[in-house]
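Start with the sequence and structure shown next.

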Amino acid sequence: MTRYTEDHEWLEEEDGIVTVGITAHAAEQLGDIVFIELPAVGAEVKKGDQVATIESVKAASDILAPLDGEIVEINETIVENPALVNEDPTGEGWFFRMKIEDPALLEEFLDEDAYRELTE
Amino acid sequence: MSATGPGAGALSRTPLHDLHLELGARMVPFAGHELPLHYRAGVLKEHLHCRAAAALFDVSHMGQVMLPADAAEGLEALIPADLIGLAAGRQRYGVFTDAQGGILDDLMAANLGDGWFLVVNAARRADDLAHLAAHLAGVRPLDDRALLALQGPAAEAALAGLGAPVAQMRFMDIRRMDLAGVPAIVARSGYTGEDGFEISLPAAEAEAVARRLLAAPGVMPAGLGARDSLRIEAGLCLYGADIDTTTSPVEAGLAWSIGRARRRGGPRAGGFPGAERILAELESGPARLRAGLRPEGRAPVRAGAALFDAPEGGAEVGRVTSGTFGPSLDAPCAMGYVPAALARPGTALGAELRGRRVRVTVAPLPFVKPGYKRA
């Protein structure tokens with residue numbers, strides 16, 4: 001099941017690999033995204049590290065690593081076409097995939113109902 | 001426009017508030033007012049649409065002031081611009097200076113023939129009114145009026161469609177006229193670098209006129225987000241960001257607004273606050289200048305970023321005062337103050353971006369070719 005952080009990231013885990021993106025709510029709040037910087041594949045990151053940057057016309061925002069782990073894949077498509085994140089934030093607009101030690105750690109994050117409550 | 005204002009809690013609403021909500025605006029606090037940041041289309045589309053067709057902005061938060069017809073001399077004591085020489089039906093950009101030659105506010109001053117009409121920044125309005133009242137008689141703030149900006153190449157046709165005789169107006173002309181039966185003051189000017197109009201009209205009639213304009217071919221509503229990216233591409237200053245009491249008009253690259261009549265050797269040289277410094281800077285050049293900056297890559301370099309005299313290493317020499325992603329440039333653009341010797345277009349500088357260094361190249365302002373109707 002999809003999990004959510006209070007920083008408006010969504011997390012999808014499969015076989016110890018977590019895909020990370022920003023929620024539709026976050027994409028809407030940011031407005032038109034014009035620039036995205038992603039971490040390097042192979043980077044070892046700690047929970048809370050700033051791993052990616054999003055620039056909309058108006059402002060910059062950071063994407064934080066939701067967990068400790070290793071970046072194993074990044075979505076180059078959104079670097080080429082940042083608008084994709086506005087168009088399809090929870091699908092084609094994913095940011096990166098990271099390998100984590102313990103999938104059980106995901107349970108500490110918000111489920112869909114809890115996230116919806118946060119944004120209402 | 002101003003970058004600062006009182007916090008939330010005491011926000012004023014403009015006469016177009018209900019229309020903004022109906023159009024799906026995302027409202028934000030700005031200079032004590034609740035204003036649209038953008039509408040459903042978003043900042044990028046609103047920006048590009050303004051350059052391609054026309055955009056309608058609600059700028060009713062700005063201060064509108066009327067002065068008596070004989071106010072030119074008094075105004076010249078506060079503003080280093082040739083206002084006595086400004087013909088009826090013409091408008092001029094200027095700044096209020098302080099005794100140190102800093103900028104108290106920037107404004108439009110128009111000679112309507114039967115009076116002077118000023119438009120000042122919302123966040124500076126109260127101070128400007130006190131400043132004016134201390135030096136001039138008959139200062140009358142217009143609190144019951146809205147201000148609309150219709151900007152872009154399709155603006156003239158949209159306004160003409162309301163029966164307004166605007167086709168014969170050129171850049172910086174200003175006229176009283178009826179817009180669909182509503183008495184308005186219309187200036188051919190704006191804050192986007194495009195041809196366009198700024199329209200002052202009674203608050204009670206503003207929504208009806210705005211709806212008529214939005215129904216015209218090619219007109220889309222646009223918010224503060226697009227207004228900011230458009231004015232940065234056009235190289236125009238924002239009070240509180242690019243200009244304030246620590247910057248002189250000459251440093252800010254606004255020397256063009258200081259007419260020959262007010263310079264040394266002119267018939268009314270000096271006679272405004274801070275004249276000694278400003279006249280000296282006009283002759284010998286200022287120590288620093290506001291420069292256009294083009295960062296390498298696609299990441300915007302924003303206000304506050306430190307500027308260095310070399311792409312790598314070097315010494316800190318200034319700060320970015322405005323920066324954004326320029327939708328029409330499809331690239332980032334910024335402005336900031338650098339030593340005069342480094343302000344020449346083509347000079348390679350460095351800016352700090354998230355702890356790293358990005359190369360920025362000094363570029364001529366404006367970044368985009370203006371669409372003003374000068375002839």
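**Cavities in chain B**

The lining of the second largest cavity has seven nonpolar, one polar and two charged residues. Here Ala, Val, Leu, Ile, Met, Phe, Trp, Tyr, Cys and Pro count as nonpolar, Asp, Glu, Lys and Arg as charged, and the others, Gly among them, as polar. This is a predicted model, where local features need pLDDT of at least 70, side-chain atom pairs count only at pLDDT 80 or more, and totals for chains, interfaces and linings use all residues. Residues are numbered from 1 along each chain as its sequence is written, and chains are lettered from A in the order in which they are written.

**Second largest cavity**
- Its space is about 40 Å³ (a volume is the space filled by probe spheres set on grid points joined across faces, edges and corners).
- Its lining includes B:Leu35, B:Pro36, B:Val59, B:Gly223 and B:Arg227.
- β3 (33–38), β4 and α7 (224–233) of chain B each give two or more residues to this lining (helices are DSSP runs of H or I, at least four residues, and strands of E, at least two, numbered from the N terminus).

**Largest cavity**
- The structure holds two cavities of 30 Å³ or more (a cavity is a set of points on a 1 Å grid over the protein atoms alone where a 1.4 Å probe fits but cannot get out; lining residues have an atom within 4 Å of a point).
- The largest has a volume of about 60 Å³.
- Among its lining residues are B:Leu16, B:His20, B:Leu214 and B:Pro221.
- β4(B) supplies the largest share, three residues.
- By class, this lining has eight nonpolar, one polar and one charged residues.

Key: Side-chain values use heavy atoms; hydrogens and water are left out. On a 1 Å grid over the protein atoms alone, a cavity is a set of points where a 1.4 Å probe fits but cannot get out, and a pocket is an open set with protein on both sides within 12 Å along at least five of seven lines; lining residues have an atom within 4 Å of a point.
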